[in-house]
Amino acid sequence: MRKKYLSALLFGALLFASAGTFTSCKDYDDDINNLQGQIDGNEASLTEKLTAVENSISSLQQAQTTMQTDIANAQQAAQDAQASADEAAKAAADAKLAATEAQANAIAEAQKQLEAAKAELTELIQQGDAATQSAIDAANAEIAKVQGAVQALQAWQGTTEETLKSLAEADAALEISLAGVQEELTDVANRVGKLETGLKTQEDALAAYRTENAANLTEIEGELATLNEAVQKLAGLEPDDLVNMKNDIATLEGQVSELNNDIAAINENLATLYIAVYKGITHVALVDGYCVETGKSYSASALKLLSDIAVQSYTFGSDKYGDVEIKHMKGATVTDGVTFVKGERMKQTAHALLRISPANATIDKSDIRLVDSKGNDLVQMGLVEVTAVNIFDGTLGTRADIVTSGVTGLVEVEFQVGPKSDEEGYDFDGEFVDAVTIKDAKGEDHSKLFAVKIQQVKDIPATGEGTAAETMVRNVVSAYSLNLDPTDKNDNAGSLDFDLYKDINDPTGVSEINNRNEGNSEEKNGPVEYMWIPSGPKADLIYEGSNKTAQYAGDDFRFYEETFNVKAGETFYVDLSKMNETNDQFVKYFYIVLDRDFVDRTGDQDSELAAWDSYESKIEGINKVYTVTDPANAVASMKIDIPYSDVIGFRVYAANADGSLVNPDGKAFYVQVGEPAAAIEVPTQDIIANITKSEMKSNFYNVANLQGWKDMIAAAEATAKANNSSDIDVQLVLDSSMDEAIRGDKGDVDDATKHDDNVFYIELYNSSNAGRPTETISLSKYVALSILKDIKNIKIVFNKPANQLVDEHTYTGDITFKVSTDRWNGDGGTTTTIGTMDLSAKKVMPTVPAGYSAKTNQIVNGKYLCYVLPYATNTALPNNGKMDGYMWLTRSFNLETEFTGWDANGVAQYDLDGNYTFKFTDARYNSDNELEDNNVRVGLVSDDDAYRLVLDNSFIENGKDYATTVEYNYGIISYVYDEVTNKFEKKEWVKEIDSFSTKLMKVN
């Protein structure tokens, strides 16, 4: 029975060790299979996996503790067998102990590897994405160690199978020799010899394994020595125990078979682990965004693949369209030309932006597919082609949730219509449209949604003995959000329009820029601008005859417009994007050249042409074809770096996707290069409101000493000199209109506060400062340079009544100073801005009239002593008043006078200003015999009464002082916001200008 107990104990130990060891390895494999997703930065997931690894380590530790107990029990059982001379038990103990030892070592090694994985996961959590690559390298190293451990277990597996084979032969011999004890003992002895051979094999395997487990070698050798001693002491087994040994051996065979299966599973899991840490793509997403540097826009929901059939055979950038010469291409040489072959399809490129994980994964254009939810692949079908994949290194400007560091994980993918479109008979509507749309049960069309699929095929190397290399196919799919526009081409543009700007927020349309064309309709009179007839681009360019397709553009004469002004070396932009914002037009190509056909025809043509030719190499942005990939970003940057001022002409040519010219001869613009227009800075001028409009003027302001004024005069002199003249007319253009309404206190907008015409005008005064202005600029006026040079001061004059100007509001405007060459000879020339003067005028409400004051000694210490003259008789007054005394206040106060005109002798005539009111509080009785204010104004009693205070005796020398105020009514000059009507209203402006107390005294 003791021997049965020993067999059962060994069997249980082996079973527990096998199950514990390989279950724990399976947990490890599951953790590693998710390693790649952990590396992508999901720290929460890493923490969960770290916990799983720690649990696996704990499980292994428990299994190891149990295994050590089983080894100790096995050793005790061997000693017991030795003591009883049970050779069969000795043989079983030998095999069982060897298996147990190997299992224990496997557990220890697996625990060691899991500890390493734990350390790696912890390091990943602490270090983050910056340590991703080093963590992967460490994981690969750990895999190599695990592979070495498995190879050692495979070596042990082979020797165990040999041992089991020997045990099976011994078992067969036992069945034959059971009839005689002696024969059975002899057979047992033979099997013991074979077991010794198996033990030697195990020792060799353990010796080989010792190189990776040197720390445990001493302990293992001690245990083997003990077992050898036990085997030598086993002898004389009893016959009834041999039957029990048969069952034990069969059980051992089954357990070792299970061990073989577990080792094979380790090989499979190692292959899975290799795939998990391979640097392939595990995630892909489409990204919305705008690249700040390139201006490209990316959409995660829309992709438009355009193409068109060329209508003409030629190279865009050459001077011919088919066989016909393109007008105004004189002397131009353009690089990067685009060749069109009539009838061939011209494909346009569209872009998408992808975010892939891991960020450092590699991707090739052959990996990319476009699939619908049914798995239909437009790339494999030949309807779409991926032409390029580039790492995105720009700055996204519209999405804040793209946060990357180091390797960004962003790639730009270029698509175009696929090679199937090149096949003869290709029907876009019948093939491409059918592939990207679907009809519902009602026959209505719907757009299919597509996803980007990345399909990567990788070869996986063999992971050890008994395994073979294999091919891994990984499919990663984005969200199904991409709509492919079932449109093959945009409408063609048939007329050029573009902007020039230095600041994108301040563009100037080409229609407002000089082109030196005065509207010639025949080339004999000079160069002619052309347009398509009827409107729209044509496949053929024909200038003459009944079937002509181009004629002169009668409305494109801009000789009177200004040039576009830039400084030398200053970057400016030519932007055609606005043409693509309407009508689904898409200008695909354009270039810029010098406008040599329009050189100065009134002066020295050869000289200007030679100058332009010498500038050409110093001008950036010309003589090359621009291909527009984003309709909203059809922009060319230019820079002219010449050491002196000059006017240079340029011409823009553009083509549609099918090669048709947008304009038959392009469109010109002229640039003035040099110092910027002089800035003349005039501070805000206060203008006091007045009932008389012409009186609302600012004070003199001296402009002659301003640096901006001097610079403007110098620029005009330089232009005159360039025209071989000592004088030149300077055009002064004033704009002081009020385009925007003023908001009231409640934020309401009152359009009545707007003024379409000028709010103020300017008076110029020469150095003599005569009473009358030298020049008045109310809108636009030409003033000779010789006159401007003598101007010293300016005044700003309001051009609107005071009650149409908001109180205390500052109105702004400016004067532009321009000079023109060839102004009168009808040959166009150019107009250049040489200066700007910013002006502002504030409507200020009046306070005290300039002519008002108390006369000397009339008011002392705030008190007015008014001596009243008596009347001889008591005269009745209106409203039951009595006139016992009176006084003309003009004797005590200086009051404003009003100019009324000139007499026959040319002497100015003035009347007393009647807008004052002197208010004596409670200094009279009304009809109800109640006190009221005694208000003194002009003509209160009669027209001849000028500010006469009239009193009865009860108010004279009664010991009282009367509070007195003086008011002035400026008339209806106020314009303020009324919170009742919620709009601006005209109102009287009555101002208290003085206050004091009055004592009424009799004249002795």
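Glu763 and Lys697 form a salt bridge, with their closest N and O atoms 3.4 Å apart; the term stands for a side-chain nitrogen of Lys or Arg within 4 Å of a carboxyl oxygen of Asp or Glu. The two residues link distant parts of the chain, 66 residues apart: Glu763 sits in strand 40 (residues 760-766), and Lys697 in the loop between strand 33 (685-688) and strand 34 (701-702). Strands here are DSSP runs of E with at least two residues, helices are runs of H or I with at least four, and both are numbered from the N terminus.

Is Glu763 buried or exposed? Glu763 counts as buried because its relative accessibility is 5%, while Lys697, at 31%, counts as partly exposed. Buried means under 20% relative accessible area, exposed means over 50%, and partly exposed lies in between, using a 1.4 Å probe and protein chains only.

Before going on, please keep in mind that this is a predicted model, in which local features need pLDDT of at least 70 and side-chain atom pairs count only at pLDDT 80 or more, while totals for chains, interfaces and linings use all residues. Residues are numbered from 1 along each chain as its sequence is written, and side-chain values use heavy atoms, with hydrogens and water left out.

Now take a step back to the whole protein. It has twelve helices and 59 strands, and 46% of its 1004 residues count as buried. Contacts, meaning heavy atoms within 4.5 Å, can be sorted by sequence distance: of those between residues at least 6 apart in sequence, 74% join residues at least 24 apart. The accessible surface, calculated by the Shrake-Rupley method with a 1.4 Å probe, comes to about 47,100 Å², and carbon and sulfur atoms hold 47% of that area.

Let us return to the charged pairs. Side chains of opposite charge can pair when their charged atoms come close. The count of salt bridges comes to 27. One of them joins Asp757 and Lys800, whose closest N and O atoms are 2.7 Å apart. Asp757 belongs to strand 39 (residues 755-758) and Lys800 to the loop between strand 43 (791-798) and strand 44 (810-820), so this pair links distant parts of the chain, 43 residues apart. Lys800 counts as buried at 11% relative accessibility, whereas Asp757 is partly exposed at 40%.

Another salt bridge brings together the side chains of Asp497 and Lys578, at 3.6 Å from N to O. Asp497 lies in the loop between strand 19 (482-484) and strand 20 (499-501), and Lys578 in the loop between strand 25 (571-575) and strand 26 (587-594), so the pair ties together parts that are 81 residues apart in sequence. Asp497 is partly exposed at 32%, and Lys578 is partly exposed at 29%. Elsewhere, Lys420, Glu423 and Glu431 are linked in a network of salt bridges.

Asp735, Asp739, Glu740 and Asp756 gather in a patch of negative charge. Asp739 lies in the loop between strand 36 (737-738) and strand 37 (742-743) and counts as exposed at 56% relative accessibility. Leu449, Val477 and Tyr480 make a nonpolar patch of about 240 Å². Within this trio, Val477 is found in strand 18 (residues 470-477) and is partly exposed, with a relative accessible area of 36%.

Methods. Patches are made of residues with over 30% relative accessible area and no salt bridge: like charges are joined within 9 Å, nonpolar side chains (Val, Leu, Ile, Met, Phe, Trp, Tyr) within 5 Å. Lys and Arg count as positive and Asp and Glu as negative; His and the chain ends are not counted. The place of a charge is taken as NZ of Lys, CZ of Arg, CG of Asp or CD of Glu.
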